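Please look through the sequence and the structure shown here before reading the explanation.

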Amino acid sequence: MKSLDLKNFSRIAPLLAASAALLIPSALIAQQEKPWEKIPVPKLHEFKPQEPKRIELKNGIVIFLQEDHELPFISGSVLIPGGSRDEDPAKAGLIGLYGQTWRTSGTAKMDGDHLDDLLEAKAAHIETGGDDDSTALQWDSLKGDDDQVFSLALDLLLHPKFNPEKLQLAQQQEATGIVRRNDDESEIADRESAKLVYGANSPYTRQPEIATIGAVTVDDLKAWHDKSIGGKLIVGVNGDFDPVAMEAKLRAAFEALPPAKPAPPRHDVFSTPTPGLSFINKEDVNQSNVQIVGLGIDRHNPDVPKLVVLDEILGGGFASRLFQKVRTELGLAYSVGGGFTLPYDHPGEFRVDLLTKSASTVDATKAALHEIASLNTQPFTQEELDRAKDNLLSSFLFRYDTREKVLAERERLEFYGYPADYLETYKADLEKVTLSDLTATAKKYIHPEKLALLVVGNGPEIKPSLDELNLGPAQPIDITIPMPRMQPGQGGPAEKNQ
Amino acid sequence: MHSRVFCWSRYGNRYRALALLAVALAFANAKAQDLKSFEQRITTKVLPNGLTLIVCERHDAPVFSYSTFVDAGDVNDPSGESGLAHMFEHLAFKGTSQIGTNDYADEKVALAKVEAANDAYEAEYLKAVGRDEKKVDELKKAFLAAQEEAHKYVVPNQFTDVAERNGAEGLNAETGLDNTMFFWSMPENRLELWAWMESSRLSDTVPREFYKERDVVVEERRMRTDSNPIGRLVEQFLATAYVAHNYGRSGIGWPSEVGQITATEAMDFHKKYYIGSNIVVSVVGDVKASEAMPVLEKYFSKVPGGPKPEEMTTVEPKQFAEKTVVIREQTQPFYLEGYHRPDYRDPDDEVYDAISDIMSNGRVSRLYRSLVRDQQIAAEAQGFSPFPGDKYPGLFAFYAVPLPGHTPAEMRDAIHREIDKLKTSDVSDDELTMFKTRTRADLLRGLADNQGLANDLAEYQSRHGDWRELFLQLDKVDKVTKADIRRVANKVFVASNRTSAEIDTEAPAAAAKKDGGAE
């Protein structure tokens, strides 16, 4: 596998090429050898990742079995469609509460505390949780305990008994997170910049408040559970098991469930953010967190492989334009990078972020904006293209170098309805990306005039001021946390729940 | 509100005892088998320069992970140079005389001029009396010009670029107080390329772009410490808990010190600590020891030899006064406390592990059940040890995150009540067995990951002189008794051995009068 093309390796970073070429005689450049090019790279050992066995039941439920006999453990999961983007906005935070309370409550046969005792004594786990588009139940144990642990997990899946005391506990913990959400600068920056992209009330960004989590009742959790459990479940099991026995066990557990209901279509509306500059003042920091954001695309889009190569050039690794300029050349940031997030079923974000000392906020932001704009003005070089493709392709193997990763990928593709050979097609498409593809893709997707900027930082320390960015007056964002009915010394939302 | 009923106790306890017995049986031979199976897969070799190589074969996928463990960290930073070990770690990504440069002969001359210009600039700038501002300006300009001149010979980020183009995954490094680790994973056919790269950067580091990188590290400090409430608290906590030992010093460096480290100082650190006897390199993955070892030997023999650097001899004096740090600011309340404990070689090391497991691990832990579930005063509460390092005597620390409306003082009192229980009554059989079972299972689970195993093998080889200790420690875990736990709790968890730190939330109006900025 001779995918490397180091012959065209430029001695000078592309950004410096023009000026450096004038200063250094070319004969001098040729002197330095590249010993690493002489080191042989033998053919890679033959490798065919082990695909899990896929079983589709009559009711639509899909099971994946992935054998792995290296260690004496078995783990499994049930992935359930529906997540926080589907919750009632007046009860924002429901999924977070559900994810905790489901497990801590337990079942009629065994409550959550007793489950804890029993499982921990076996170094086994059963956990539940929620995300923006799904919830999940997972278990793992020594293989000898799997029968028992699986039957407990199944009982929890099919017969949870939501306990008001455990809901209250979850609400208190959630409330702790809410009152603390403005303590950390990065948390503020990530949250508020996502709101600039999707809107503050979007299903993807609306945030739980003390009032909305307080509005959630045990009946809400039950209703959510009963509804979501009827969707198309994806069951995955990994580890040291006998495949025939495991298949029989899972069929017995899931075949009797009613036919899975398809997920209702979504009708989300996405629009590009309002361009301009926003600012959040935080006077206990000495570093600004700068977010430059826009609306992106989802992974179905056929331009994704081209965009991924473009991303690699902009903000992917050590050699990316952003890293080279802002960190290596200017020394203005430890953390700098960015690109397109590419969700599987809705438009993602374009996001470039950096952290820099208050006084260099303007310089570092200008440099980052310049690098974004350069995607449309500074022609891509063959060197950049080769490097980006090498970076992406030579490490591609690490997407499936363990059986667990192969299983997780197959579950993900199944969940979002992508073909099982998606990774192969995607890799082939990455290989085909050309220079003209990059130019066209940048033209189509990089629109500096449509980007929104957010700076979180210490206002009085930011000199020169943000006015120097020439993006108009900075719009302040109010991040005050609404605190209804909270009394000092009282336990937060608990009272609402009684 | 706090009522909890253990309704299953009668049949439950019996049932649980049976379950525990079954687990104990399942594990009985686990250690012996694993050690045996790993002895067959692991080859070690000590090179003439003192460097230890470990190769562990695992042929699942055509990849390998490596870990380079250097037995030097920020605890070894000389006085006035806090943050030096970490600064050097950044330098190790900047290349060598062969990679990262277009003409090393001329670059070397230019770098010497940078150093001279920095010395001149610093000498004037740091003058306590009679500093000539005009001269400072001129010398600063000369310093910047010298850097620009040296930059002409730089091929920026070429070291990491070659690694990434060859499939390096998870490329990174970590500098702790005790040690420095470099690591990544790669396709197996790049083993020789990696061996060339890694041995080169260990033996042939060039202080390239040092002063730009210093700015980057200062930004890292702003991110991790200055602009983060917990980062600020922990730095003050450690500085208070220690009066003599370097565990009390900012690991990333005090601003005035890390901001003035020179390339010469970083290279001196390298010369002293980056020698064979101070380094273990482990490789785990799809490699054959019989083929790989000669390749590794060829390259890693380049690392300079020499006797192991002398250990730091400062011993933290016994604490006799309880100490407290209070930070008043507009962030939410937090409570942290710590007690001095011995280092990792102490015979009671596993007893401390038992205490932290029983107090903190999961929803069955004492602190969760007491502070979170039953009293409902905290969102989270844990004990952990050792902190901030294990090579020298560290701390056994506890922290709790109060629920809204609850105070650090309540956290402190509740934690102390749980500590008192450890001192006055034995832990249960179930708790002790659970600790032993979980420790074994966690060890086994950790073996699945190439990178994790590479890190563990290198660390145990360096710390204990034998990677087998990774498995043999289970014997010591098995021997921990209830009496040990009580004895250690009574010895260590005493008020005069305690330092606590808390954030008290200040109202916005009061804060407005205060001067901002941490530098």
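What follows is a reading of this predicted model, beginning with a sheet in chain B and then turning to the domains of chain A.

In chain B, 6 strands form an open sheet with mixed pairing, and their order across the sheet is β1-β2-β6-β3-β5-β4. Because β1 (42-46) and β4 (169-175) of chain B each have a single partner strand, they stand at the edges, and one side of each is left without a neighbour in the sheet. On average, and with direction ignored, neighbouring strands of this sheet are turned by 10° against each other.

Within that order, strand β2 (residues 52-57) of chain B runs parallel to strand β6 (residues 279-285) of chain B, and 6 bridges join the two; B:V55, for instance, has B:V283 in β6(B) as its bridge partner. Across β1, β2 and β6 of chain B lies helix α12 (residues 289-300) of chain B, which runs at about 155° to β2(B).

Chain A can be followed through its domain assignment, which gives domain 1 (53-254) and domain 2 (276-476). The C-alpha centres of these two domains of chain A lie 31 Å apart, and 18 residues of domain 1 of chain A are in contact with 21 residues of domain 2 of chain A. On the side of domain 1 of chain A that touches domain 2 of chain A, the elements giving two or more residues are β2 (62-67), α8 (185-198) and β6 (234-239) of chain A, and α8(A) gives the most, with 9 residues. By class, this side of domain 1 of chain A has 9 nonpolar, 6 polar and 3 charged residues.

Definitions and conventions: Residues are numbered from 1 along each chain as its sequence is written. Chains are lettered from A and ligands numbered from 1 in the order in which they are written. This is a predicted model: local features need pLDDT of at least 70, side-chain atom pairs count only at pLDDT 80 or more; totals for chains, interfaces and linings use all residues. Two strands pair if DSSP finds at least two bridges between them. Helices (H or I, at least four residues) and strands (E, at least two) are DSSP runs, numbered from the N terminus. Axes are lines fitted to C-alpha atoms, for helices over the stretch in contact, and angles run from 0 to 180 degrees between N-to-C directions. Two residues are in contact if their C-beta atoms, placed from the backbone, lie within 7 Å. Domain bounds come from an automatic or database domain assignment. Ala, Val, Leu, Ile, Met, Phe, Trp, Tyr, Cys and Pro count as nonpolar, Asp, Glu, Lys and Arg as charged, and the others, Gly among them, as polar.
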